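Open the model in your viewer and keep the selection tool at hand. We will go from one stop to the next.

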Amino acid sequence: TTFDGLYKIDKTTAQCTFSPPRIDDQVVQAVSDALRSGWITTGPRTKEFERKLAAYCGVPRVIALNSWTNACELVLRWYGIGPGDEVIVPSYTYCASANIVLHVGARPVLVDVADDFTMDLEALRRAITPRAKCIIPVDIGGLPAAQDAVMRIAEEQRGIFTARGDVQAQLGRALVLSDAAHSFGATLLGRKVGAQADITGFSFHAVKNLTTAEGGALAFNLPAPFDADALYALFNTMSLHGQSKDALAKTKPGAWRYDVEFPGWKCNMTDLQAAIGLVELDRYDADTLVRRKAICERYHAAFSGDPRFLVPTLRDDLRESSYHLYMLRLTAASEPQRDAVIEAIAQRAVSVNVHFQPLPLLTAYKRLGYRIEDHPNAYRHYAREISLPVYYDLSDAQVDTVVEAVRASVAEVLGA
């Protein structure tokens, strides 16, 4: 029996799990070396990981933290967002994208999505008011949202923006915080994701393309007069209870003394996590992405042209996915039929998933008054969607097993 990040799988009966992390000898050795080094909290490996992430994304600074959620909540707090403010979020996303808005006391404004699962740009335009302090476009399945267009819309609304505090006044418009939890390594307009929005948040959770077991990062790309080095220093302090020095800084001779500049939070990354991340980053483009792309293209070849299926967008003229998920839709299925297909696939010893339940379907958001009827595209996509397994060690034979299980299950349930 093994844990794969989502399911506990008995490999004597399961032909194909959903998304196990890649844990091989190289990763085990890196973690062992970190343990033996004496640095198991934030230390030299974390700092090296941050430098390499910044170089990879083409941004001046990246800070590595303990999760996407805490990293991006720090952004909202830094920007001074709170009660009375609005943050625009697509309704088709994981709850973390909107939960952080509620954590700071602001109101999530949910907008519907386009046919590629990402934020509908016209719905975004209609949703912006003078109270909108932030826009969170979400990259789904590895495909980047139209962040360039979102940035233009934020600029267009500059005239109605009402700043509260010096930081908001400096930017003079809604902050664009990209939720790139799915899209590390994807490209938009010829550049890696991270270099388009004001700030981009990444997730390195166990099921992500690049994992640190748990973890996240922020890529800073704000315009002048913001200084990336100063932002890095501030967020480092914010992530350590407001303490002016991290553990590594205090190792210098005589540097034990520190201050607490404000009551901050606790969400730093550790060197144990960064040790995994450094291995994964080193082999990401040349190995991990190559395999994930090959898997998705094999699915594409199997399902394209079959009228029972709607295949996801993997690339277009402006962007290319990170191949995080393969989000297949059943053309004519209802939600109960889709669920029955998933059950039939499971009976064939293949694990699949659904990404995601739109926020208005969740009890917490229903209680706040959100209605799925206001998000017809989100519901239509969700009701037909099945995410197929994509992970490094998935073999071509296993991909073919998944394909046959999906085809047979659709025929069994839908009679076609």
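The tour below visits a helix, a helix pair and a sheet.

This is a predicted model: local features need pLDDT of at least 70, side-chain atom pairs count only at pLDDT 80 or more, and totals for chains, interfaces and linings use all residues. Residues are numbered from 1 along each chain as its sequence is written, and side-chain values use heavy atoms, leaving out hydrogens and water.

Select residues 68-78. This is helix α3 (helices are DSSP runs of H or I, at least four residues; strands are runs of E, at least two; both are numbered from the N terminus). Of its 11 residues, 8 are buried (under 20% relative accessible area, 1.4 Å probe, protein chains only). Among them are Trp-68, Cys-72, Glu-73 and Trp-78.

Next, select 284-303 and 396-414, helices α10 and α14. Their axes come within 10 Å and cross at roughly 35 degrees (lines fitted to C-alpha atoms over the stretch in contact, with angles from 0 to 180 degrees between N-to-C directions). Contact (heavy atoms within 4.5 Å) involves residues including Arg-291 and Phe-303 of α10 and Asp-396 and Arg-407 of α14. The contact residues divide into 8 nonpolar, no polar and 5 charged.

Now show the open sheet, β12-β14-β15, with antiparallel pairing (strands pair if DSSP finds at least two bridges between them). The edge strands are β12 (309-310) and β15 (385-388). Strand β14 (residues 326-330) is joined to β15 by 4 bridges. Click Arg-329: its bridge partner in β15 is Glu-385. Bring α10 back; α10 packs on the sheet and touches β12, β14 and β15. Finish with α11 (residues 335-347), which packs on the sheet and touches β14 and β15.

Conventions: Buried means under 20% relative accessible area, exposed over 50%, partly exposed in between (1.4 Å probe, protein chains only). Ala, Val, Leu, Ile, Met, Phe, Trp, Tyr, Cys and Pro count as nonpolar, Asp, Glu, Lys and Arg as charged, and the others, Gly among them, as polar.
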